[in-house]
Amino acid sequence: MFTTDRVAGGALVLFSLLVIWESRALPLGTWRQPGPAYAPVLLAALLLLFGLCLSVPGRRAPLFSSVGWREWRHVSAILAACIFAVFALERLGYRLTVLLLLVFLLKIVERRGLLPTLAFAATLAYGSFFLFHTILRVPLPQGLLGF
Amino acid sequence: MIRMPECGYFRRHVCFAAVAALLVGVAAGGFAQEKYPNRPITIVAPFPPGGVADLTARPVAAAMEKVLKNPVVVVNKTGAAGAVGMSFVANSKPDGYTLLMALSSISIIPEADKLFDRQPAYTMNQLMPIALISADPTIFVVNAERPWKSVKEFVEDAKKRRGEISYSSSGVYGTLHMAMEMFSHAAGISLKHVPYAGAGPALTAILGGHVDTLASGPAVVIPHIKAGKLRPLAGWGAKRVASLPDVPTFKELGYDIEFYIWAGLFAPRGTPAPVMKVIRGAVRQAVNTSEFKSAMDKLATPIAYLDAPEFQKFWDKDAKMLADAIKRVGKVEVKEVK
Amino acid sequence: MTETLHNLYLGFSVALSPHILLYAFVGCIVGTLVGVLPGVGPLAGISLLLPATFGLNATSAIVLLAGIYYGAMYGGSTTSILMRIPGEAASVMTCIEGYAMTRNGRGGPALAIAAVGSYVAGTASVVALMLLAPPLASFALRFGPPEYFSLLLLGLLSLAYLSGGSMLKSLAMAALGLLLGMVGIDPMSGFFRFNYGWVELGDGLGVVPVAVGLFGLSEILLTAGQQVAPEVIKPKLGELLPSREEWRSSIWPIGRGTVLGFLIGIIPGSAHIISSFVSYAMERRLAKHPDRFGHGAIEGVAGPESANNSATSGAFVPMLALGVPSGPIPAVMIAAMMVHGISPGPLLISQQPELFWGFIASMYVGNVVLLILNLPLVGLFINVLRVPYPLLYPAILMFCVLGVYAVNGSVVDIGIMTAMGALGYVLRKFDFETAPIVLGLVLAPMLEMSFRQALSMSSGSYDIFINRPIAGVMLIVAFTLLLMGILSSGMKKIDWRRRLGLAESQP
């Protein structure tokens, strides 16, 4: 019953309904003078149509339960690391954030030894900072601690 | 509490003196650190590199650096027609190390926010003016293939064909839009507005003949005027543009409007007065250096320096004019195509 | 003709002078470094280094910036091919076939063909630029909002031919991408759309975070947790160059890509990403074995890469011939010229011949320099892949974060990248193609704006699309393509059902 197509189609339908709901604050305009809500509503309606076309005959797709999520541990770790970067990058500075990120991924997720991890992470963090910030003058945050 | 066991009388006094000296040293050092500036100063340009704000900020930064003997860097923080950079500086610490090089659109964005009942990205009260650097009068140009040779001809034609003659702009509520708005209001005509995403595309549009007229800063259109592709009819300045001596101003023609695309330096409100004094002095010296003058010459932008008090007056007047124009325009969607 | 040759001689004498050559070289190296960084493309590279050029004289500055531009385009294809991370938005198509080739152990040949294709396209388009700049530029100016709309619609409909899987799914993804492109300030009315109070979203979601997230991050998410190391066949030394068959299959795609890219590039304001998408779609349509696409077809690398590079040169046509910025990168170049007191305009070519011809000649030189730089580097880059994946992917992740942050200096972008990475991961699990999202995202603002501008120009009348010849022709072609696409896939469906019916009826 629950195939991938059905689930995906259903998600698309829900999303397009959400968009239409959110667009109600914007003026729609007229046929001759389209307003800011015109295009989003039109596209959301199209997406709704596509979503329905996907889910209704969705019987032939593989079952939803057959989709393997085996990598979920790694996925959550990587996504958590990225979210950490979002909050830490400008507060802790580039080098410190990247160091922590790499150590986290290499030590905790990939279970490498502490010393090689630290060496690798420090080289990458400081090396990339040097190359891109100092030499190429790409603006990279230095954070409250000056890192 | 530090216990000082076994400290003999002599030792105790030496220790005490040493600690006292240390404390005094730290305090003195601390005060020494209070002297402004002792860190690199950042000038935020809220537009992408290559735009007017950026191109004006860089010579200013370079000249200030020489005067202050302290690094001054330009950082681009782009987005939302400048709102991102402007609100960044408005909300940053008022310690004199984060400054803003803004264009006249600084007065537009809070008004537009008010119009749309939005939480304003920043308010003009959050910023204090330091100095005005440049003020380019806008020029009114028409595509050379169109028949109008003077503003008078143009206005007559526009009155006959309401809402048919078109103009491009850098965006809704942008500076070029507002300039044209003021003119059409003063002349009692109604024009068709075709907004584009930026001054570059707006220029391309008139060159390609897709719109009839444009209000623009002089530097970018002068080459095209010389090549015969565009014809200037009038200028929004109080005086005629130096490189276009034959072009009358709107004031001369009887329309009481003035509009400049200006660039000025701002600081967050609350920056301490001594710091402001140093910055203002540095800017005053910087704009008088020969390197700065030649840099601005190359950009074909005249220097129009005004120190803080005069700049505040200028800004207030300009802001009120723009606010009136925005209120008049209202929300674009609600109006009919005139 | 002799005048052109004379001017070219003048140009080369400028370009081949030692210090100009040095600047070109430095620019190419810096550009390659910047381009290899995910997401940081030519625009970011040029913008970052623009201040460094203020102290140089005009020709050196322009040559340096052009070198950075080219270098970044070359560097961008490297990460796309080797790690499926788009080096810049326009390399998204290269990711698809290029990475598949890397998985098959053909990463070296992919890089080589990309370099050679870029070189051929770059050189040929510079020749076209040189000979045809003024007349082409005038033609390009005649593109107004109705023409843009038709062109972009045509580009979007080329998606109908992109679908390896279901056309419906690709169209749905395109619609999703278009919707994502609606975030931000509506330029026609000033309303903020879907930004929920975040000023940083005022300009929309940003192609770079979305592309890097959808392609690069999702790839990392998919492969990082695999128990078995991913099937990257380590290439042997002899396999670094393309085989004769690969060379032969690439000739026509390179040619077609060059012409297509150049034509799309000269139109002011058109996104270069369109050129690579349309080239990919064209190659897929014209290939003898279309099912190879998606699994490492060299045509899918040769075509888009060439299209990309010649679009680059094409973009300079309006800039040099008319002084009109045809996009953000030429705008920065124009700014660089203005800082040196040169105002670009129609008279630039006649008033500043050393600049113009020096620039053209430096583009030839830059192309050669990059070819020489990149071909030997292919071996070096391939060796990066020998690093065990569990060590490699954190480093790649770091580069993604670096690159995405560097574009705008905003952590909001990293957040977007993360969200898009998660979305891309889920979508690929569900067997959806992610490329149409990027195309939709890029095209949406232009598509909508041209449509509403055109209606503004005509005061609400829809005739403007048909009355103007260029627009009308393109619209007719677009709808014909759409019909053909629907019909042919519809017929395929009928066939399939019949076959399935047959299969079901058998025990």
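Biologist: Which residue does F140(B) stand opposite in β8(B)?
Modeller: F140(B) faces A215(B) there. Strands are DSSP runs of E, at least two residues, helices are runs of H or I, at least four, and both are numbered from the N terminus. This is a predicted model, where local features need pLDDT of at least 70, side-chain atom pairs count only at pLDDT 80 or more, and totals for chains, interfaces and linings use all residues. Residues are numbered from 1 along each chain as its sequence is written, chains are lettered from A and ligands numbered from 1 in the order written, and side-chain values use heavy atoms, leaving out hydrogens and water.

Biologist: In what sense do β5 and β8 of chain B pair?
Modeller: Antiparallel, over 4 bridges. Two strands pair if DSSP finds at least two bridges between them.

Biologist: What's the strand order in the open sheet of chain B?
Modeller: The order is β7-β6-β8-β5-β9, with mixed pairing. β7 and β9 of chain B each have a single partner strand, so one side of each lacks a neighbour in the sheet.

Biologist: Switching topic, how many residues of chain C are in contact with chain B?
Modeller: 47, and they meet 39 residues of chain B. Contact means heavy atoms within 4.5 Å.

Biologist: And how many salt bridges does the rule find across that interface?
Modeller: 0 between chain C and chain B. The rule wants a side-chain nitrogen of Lys or Arg within 4 Å of a carboxyl oxygen of Asp or Glu.

Biologist: Which element gives the largest share of chain C's side?
Modeller: α18(C), with 5 residues.
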